[in-house]
Amino acid sequence: MNRKPGEKQRILVVDDEENLRHMLQLMLQKQGYLVDQAAHGAAALQMASQGSYDFILCDIQMPVMDGADFLKEAVAAGTSGTIIMMSAYGTVDTAIECMKLGAYDYISKPFKSDEIALVLKKAEERERLKSENRRLKDEIGKEYSFASIISKNPRMQEIFSLVRKVCDFKTTVLVLGESGTGKELVARAIHYNSRRKNAPFVAVNCGAIPENLLESELFGHVRGAFTDASADKAGLFEQADGGTLLLDEIGELPLPLQVKLLRVLQEEEIRRVGASASKKVDVRVISATSKDLELEVAGARFREDLYFRLNVFSINLPPLRERMEDIPLLVTHFLGKYDEKYDKRVVRCAPDALKALMNYRWPGNIRELENCIERGMVLCEGETMELGCLPEKLRGAATGDRGPVVPPDSLSLKLAEELLEKDFIRRALEKTGGNRTHAARLLEISHRALLYKLKDYGME
Ligand SMILES: Nc1ncnc2c1ncn2[C@@H]1O[C@H](COP(=O)(O)OP(=O)(O)OP(=O)(O)O)[C@@H](O)[C@H]1O
Ligand SMILES: [Mg+2]
């Protein structure tokens with residue numbers, strides 16, 4: 001129940017003993033609640049369907065309709081309000097049974113006033129947490145909505161409108177695209193835009209888990225199934241029950257597990273490692289890969305039948321270099337994101353910085369762009385991101401070509417040689433991640449010669 005601040009919470013007391021009802025009413029009013037009374041379950045049901053109660057305190061043994069029956073009907077009718085049972089001597093078992101049916105707790109009669117206060121406070125806290133949880137879920141949903149996937153590229157727009165149509169169906173979706181193109185982002189958007197959004201979204205990287213552990217990770221195991229299995233454990237399929245499971249890097253799934261995955265998808269049931277029985281699961285599977293799966297199939301590294309099963313609906317995310325028009329939008333988006341994170345006020349890119357961003361090929365796609373901006377933010381002082389805040393590899397791109405630029409009016413061979421050498425050294429170091437020994441080998445000069453040149457050109 002969402003009460004306005006200062007508004008009193010409402011309680012319905014249900015008991016056939018008039019004295020007890022009065023006693024409770026006085027006690028609860030003193031604690032600041034608004035209290036109504038009912039003498040049996042049937043009356044309570046009627047009142048609960050009209051008034052909106054935060055709590056219902058309900059006796060178990062009553063004429064006309066007892067507490068357990070009231071509880072069942074109230075739960076079935078979707079009555080709001082937390083129900084707490086009151087059990088007299090001899091009805092504790094029923095009270096416990098009631099908790100299984102949906103009652104929040106029970107208190108044994110006779111009780112003291114602070115006992116009730118305590119149970120109510122606990123229940124209030126739980127309600128607060130529940131609504132906080134709902135709010136957070138809504139927020140996550142917003143963060144992962146299609147609106148948060150930034151693109152004005154027509155191909156991307158087409159993808160979004162197609163994907164929106166399959167969100168609510170259980171269709172398996174295969175998301176393809178180079179590394180960093182937003183495959184996981186799309187998978188999350190599908191989940192949070194589907195009817196499954198309140199159930200878990202679970203992601204697993206099939207390439208990151210050792211082959212011998214992957215089966216138990218996906219499908220779970222029973223105690224004793226192998227040496228380390230000291231207890232039963234649910235796998236990711238069970239954890240995602242009712243929700244969505246993202247099988248990331250599906251191309252890395254070992255062949256024996258491909259067979260098992262295919263069976264799970266066809267039969268919609270899993271068997272924990274070491275278990276004799278299977279178990280139904282309701283999971284929407286999205287898989288993603290940056291590999292060319294058709295090539296994997298052709299090379300017999302990926303089963304064709306599984307490929308067809310996963311590829312019911314496929315999305316191919318274009319690399320960033322094929323949607324350069326998105327770069328300014330993405331840059332603004334990431335500037336905002338990291339302004340918040342680093343408490344900065346960077347609002348724009350200098351024209352030459354933007355030009356450098358537009359001229360680069362982005363092999364790591366949006367993730368690489370995001371990393372560049374984040375790194376730049378840390379270095380950036382004012383409101384403008386200058387070219388100097390961007391990584392070295394981009395700065396060479398500012399001019400539009402990757403080669404060295406010789407001033408047009410110069411015929412100096414010496415200068416051209418120097419510029420060419422600098423450029424080659426820079427590229428070699430980039431390629432080797434700064435490892436000078438390896439860079440020297442690529443340049444076909446000695447390590448010593450490289451160190452000398454670095455010093456000479458002021459490139460250390
Ligand atoms: N269109 C977009 N708008 C905003 N952010 C994006 C967009 N595309 C990707 N990103 C961001 O880029 C990063 C990489 O995206 P994601 O992890 O979804 O890529 P991926 O394709 O799964 O990469 P990999 O193949 O490396 O796993 C994330 O931080 C994501 O939020
Ligand atoms: Mg990914």
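## Ser87 in strand E4

Ser87 has a relative accessible area of 0%, so it is buried (under 20% relative accessible area; exposed is over 50%, partly exposed is in between, with a 1.4 Å probe and protein chains only). Ser87 sits in strand E4, residues 82-87. Helices (H or I, at least four residues) and strands (E, at least two) are DSSP runs, numbered from the N terminus.

Leaving out residues up to four places away in sequence, Ser87 touches Ile60, Val92, Ala95, Tyr106, Ile107, Ser108 and Lys109; contact is heavy atoms within 4.5 Å.

## Ground rules

This is a predicted model, where local features need pLDDT of at least 70 and side-chain atom pairs count only at pLDDT 80 or more, while totals for chains, interfaces and linings use all residues. Residues are numbered from 1 along each chain as its sequence is written, chains are lettered from A and ligands numbered from 1 in the order in which they are written, and side-chain values use heavy atoms, with hydrogens and water left out.

## H2 against H3

Helix H2 (residues 41-50) and helix H3 (residues 67-76) have axes that come within 9 Å and cross at roughly 20 degrees. Those axes are lines fitted to C-alpha atoms, for helices over the stretch in contact, with angles from 0 to 180 degrees between N-to-C directions. So H2 is roughly parallel to H3 (angles under 35 degrees; over 145 is roughly antiparallel, 65 to 115 roughly perpendicular, the rest oblique).

At the contact, Gly41, Ala44 and Leu45 of H2 meet Phe70, Glu73 and Ala74 of H3. Sorted by class, that is four nonpolar, one polar and one charged residues; Ala, Val, Leu, Ile, Met, Phe, Trp, Tyr, Cys and Pro count as nonpolar, Asp, Glu, Lys and Arg as charged, and the others, Gly among them, as polar.

## Aromatic pairs

How many aromatic pairs does a search of the whole structure find? There are six, where rings of Phe, Tyr and Trp (its six-membered ring) pair if their centres lie within 6.5 Å, and planes under 30 degrees apart are stacked, over 60 edge-to-face and the rest tilted. One of them is Tyr33 with Phe55, edge-to-face at 6.4 Å centre to centre and 90 degrees between the planes. This pair links distant parts of the chain, 22 residues apart: Tyr33 is in the loop between helix H1 (18-30) and strand E2 (34-38), and Phe55 is in strand E3 (residues 55-59). Both Tyr33 and Phe55 are buried.

Tyr360 and Trp362 also pair edge-to-face, with 4.7 Å centre to centre and 85 degrees between the planes. Tyr360 counts as buried at 9% relative accessibility, and Trp362 does at 0%.

## Helix H7

Helix H7 (residues 183-192) is largely enclosed by the rest of the structure, because eight of its 10 residues are buried. Among them are Lys183, Arg188 and His191.
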